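Biologist: Could you walk me through this model and show me how to read its features? I would like the general idea each time, then the case at hand.

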Amino acid sequence: MTLTSTRQAILPDRLTNSTLTSFLRSVPPVDEVAVTERVASLSTRSIKKESKAHALRMAVTMMDLTTLEGMDTPGKVIQMSSKAIRPDPTDPSIPSVAAVCVYPAMVPYARQAVEGTSVKVASVATYFPSGQADIALKVEETRQVVEAGADEVDMVINRGAFLSGDYYRVFDEIVRVKEACGDAHLKVILETGELETFDNVRRASVLAMAAGADFIKTSTGKVSPAATLPVTLVMLEAIRDFWAATGIKVGMKPAGGIRTAKDAIRYLVVLNETLGQEWMSPDWFRIGASSLLNDVLMQIRWLETGRYQSPDYFTKD
Amino acid sequence: MEPETTEKTQVGTRKAEVVTPRIEWEYAPSRESTDIVEVADRYELFIDGEYRKPKSGKYFPTINPATEEELAEVAEAGPEDVDAAVEAARAAFEDGWGRMPGSERAKYIFRIARMIQERSRELAVLETLDGGKPIKESRDVDLPQVAANFFYYAGWADKLEYAFPGFRPEPLGVAGQVIPWNFPLLMLAWKVAPALATGNTVVLKPAETTPLTALAFAEITAEAGLPPGVFNVVTGAGETGAALTGHPDVDKVAFTGSTEVGKLIQSQLAGTEKRLTLELGGKAAHVIFDDAPIDQAIEGVVNGIFFNQGHVCCAGSRLFVQENIHDFFVDKLKARLATLRVGDPLDKNTDVGAINSRQQLEKIRELVEAGVEEGAEIYQPPCELPSQGYWFVPTLFTGVSQSHRIAQEEIFGPVLSIMSFRTPAEAVEKANNTPYGLSAGVWTSKGSRILWMADRMKAGVVWANTYNKFDPASPFGGYKESGFGREGGRHGLLNYVKHTGGRS
């Protein structure tokens, strides 16, 4: 196991499932009612004018434009990649999104399509979305997507192992996948809709960060509920404590169900008032979405022209 | 399985340093428009369904505490004016309000509740202009609660016999009500709604720094067709209040305000047949155990003391943190304080608004200076305050002892005194070591401990894993020098009825 010494600093000396279980029990519990109230209160923030314009452009740069369907084809992925590079062909001032997020088989096409641009290729891996496979296969898949040109790997945790109390296995799988990533960035999907309680979410967040996650991510998008503001706040609070305890920054990616510019701004407000400026960049915050981008573009156009335009004026790729 | 609790396993609870979020993405000002409110230059008394010039001939200014600008001048009711108001209330009671079927009274109260909802934006802006509280709070807390209280008590008006099974409750007569400046319209609702529902008539004396929403409410009662004299407003300061509470033809006195004034009223009423309820000061204990949901407890503490600038009688102004998490918790709290947005109360993003009056600001300053002199350690986050108006930076004191003034006296401002405790028994002992007993809070993830604490803390309300939660159906009131009587819920009806009817 290769872990940076600072990440290890929060872990027990002798790592077994028993010591890891005790360690996770020391993670502060989460009160669901109070978390929900906090995000409801932050959702009343009124973001107008230049601060809204700033937020919308920031949201574009933080987006992982995603297609994860059985019906994905090279054609679809190439078209989506063009959109990722230049989201609004009529307005070159709109920045590119952060990344395109695709299935392993689509990585070579995405790689080719974004080559030479700032857009990164993110691939899901580890037998996404269920993760129900042997760890050797998951590691092998990870190696393959990195070799095929993925800059970022979005893995899923072993929820079965987590819910059965086999935390060591969850931890160990993340460590091994991280090793297989090499220089590629690792996003660890907790699939919070399956973990169900905020206590589980917070423990899984700590487990993933200690095991080497560069980002923690809410959901695959295949399970409902996917990303929510309360679950995102819980994960951001876990990141804040991890940062305070180790000095290591970990990124955050809510994914699934974020469809409107208004939603995106609410996520940014929660981020801003929990982790602050240090995290307000695509290096530390991503939004996984497919239909969000056009709504954000529409809002930007509205701010600039004072008019809402027909969806027909925004490209669907 | 025994946890191996070496220090480094305490991810969330030991090793943290202060990590203060640096916020650079500034929110552009988002100011609620004041166009919706027309503030008149001058307001008269509201007596017998009409606005009347005061016989005293006197007026006093009411100002916007965020700008120090005069909003309007308001009539000062002298003894003759109070006489006239009580007389009108008595006549309205005798003429029919007291005998009107409950179902008929309910129609008026429901109508008032709906009109409050319809005009809630206007009333929220007016409340913020006159009192300095953030528009976010007057819009999302005060006004919805005001309407909810009228709806709730309107529902009781025709069901009073079911509220007190076996007895036929009857109204008392004329209620003289004196309310404070921290929740002007909400305190009006707490008092006026149950009084009207039970068939009493009302003379209300709002606080001298925040009279405008009560006068706007008077207009609503007139538009709702409430019979003249059922609801009257006499504006003025302490002397007006004393004339009302001491008036021989008032049957019931309800007061919310300081313990000092409450005691004066109690001695004024001694030997009379008047019924009295008092809702007075507080110095609530907010207790944080080491197994609490820490990040949510931080929010609870912030809400407990900085809600409405700390101008809350049930504010969680004494924080007791279990000693083994004290430093960690305080560090987190300090970091959170830095993200509070203090300033223009009309800005929708303001968290902490203006101090209600110069007098109150001076009182807060005096107590904070006393805290520093007595040796407590003060912390205030960097914070730019507007140049005009009355402001006070959210403040923490650590290293506070029970014997410090800031642990004993009600500051009624955004100032938190932090102490530590070691065991649950010590937490209870310290929490109860105060002349007050209005409210308390406890944070722990252990359900049995919540019940154990709630049994032992001498407070009218104990909030568990939350703070400052209100509901019209829930009774509210104090122990000891925090007063007596309960407002809200079925208990709130008791203050306004007598059981002379025998079995029904």
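Predicted model: local features only at pLDDT ≥ 70, side-chain atom pairs only at ≥ 80, totals over all residues.

Biologist: What does the secondary structure of chain A come to?

Modeller: Helices (H or I, at least four residues) and strands (E, at least two) are DSSP runs, numbered from the N terminus. On that basis chain A has 14 helices and 8 strands.

Biologist: Which radius of gyration does chain A have, and what would a compact globule have?

Modeller: The radius is taken over C-alpha atoms, and the globule rule is 2.2 Å times the number of residues to the power 0.38. For 317 residues a compact globule would come out near 20 Å, and chain A agrees with its 19 Å. The C-alpha atoms of chain A fill a box of roughly 60 × 45 × 30 Å along the principal axes.

Biologist: How many of the residues in chain A are buried, as a percentage?

Modeller: Buried means 20 or more other C-beta atoms within 10 Å of a residue's own, exposed means 12 or fewer, and partly exposed lies in between, with C-beta atoms placed from the backbone. In chain A, 56% of the 317 residues are buried. Contacts are another guide: two residues are in contact if their C-beta atoms, placed from the backbone, lie within 7 Å. Of the contacts in chain A with a separation of 6 or more, 75% join residues 24 or more positions apart.

Biologist: Which domains does the assignment give for chain B?

Modeller: Domain bounds come from an automatic or database domain assignment. Here domain 1 of chain B covers 42-280 + 480-498 and domain 2 covers 282-464. The contact between them takes 19 residues from domain 1 of chain B and 26 residues from domain 2 of chain B. On the domain 1 side, α3 (120-131) and α4 (135-156) of chain B each supply at least two residues, and α4(B) gives the largest share, 3 residues. The C-alpha centres of the two domains of chain B lie 30 Å apart.

Biologist: Which residues have the most contacts inside the largest nonpolar core?

Modeller: A nonpolar core is a set of buried Ala, Val, Leu, Ile, Met, Phe, Trp, Tyr and Cys residues joined through C-beta atoms within 7 Å. The largest one has 111 residues, and those with the most contacts inside it are A59(A), M63(A), V100(A), V188(A) and A208(A). Helix α12 (residues 229-246) of chain A gives the most to this core, 10 residues. Leaving out residues up to four places away in sequence, A59(A) touches A264(A), L268(A), I287(A) and V296(A). A second, separate core of 90 residues includes A124(B), A147(B), A154(B) and A157(B).

Biologist: Why is strand β7 of chain B largely enclosed?

Modeller: In a regular strand the side chains alternate between the two faces of the sheet. For β7 (residues 174-178) of chain B, 5 of the 5 residues are buried, so the rest of the structure largely encloses this strand. V174(B), G176(B) and V178(B) are buried on one side, and A175(B) and Q177(B) are buried on the other.

Biologist: In which sense do β7(B) and β8 of chain B pair, parallel or antiparallel?

Modeller: Two strands pair if DSSP finds at least two bridges between them. β7(B) and β8 (residues 201-205) of chain B are parallel, with 5 bridges, and Q177(B) stands opposite L204(B) in β8(B).

Biologist: What order do the strands of the open sheet in chain B follow?

Modeller: Its 3 strands run in the order β1-β5-β4, with mixed pairing. β1 (42-43) and β4 (59-64) of chain B are at the edges with a single partner strand each, so one side of each has no neighbour in the sheet. β4(B) and β5 (residues 69-75) of chain B run antiparallel, joined by 6 bridges. They form a hairpin with 4 residues between them, and E68(B) in the turn has a positive phi of about 65 degrees.

Biologist: Is R202(A) buried or exposed?

Modeller: R202(A) lies in helix α11 (residues 198-211) of chain A, and it counts as buried because it has 27 C-beta neighbours inside 10 Å. Beyond four places in sequence, R202(A) is in contact with V27(A), V30(A), V234(A) and A238(A).

Terms used
Residues numbered from 1 in each chain as written. Chains lettered and ligands numbered in written order.
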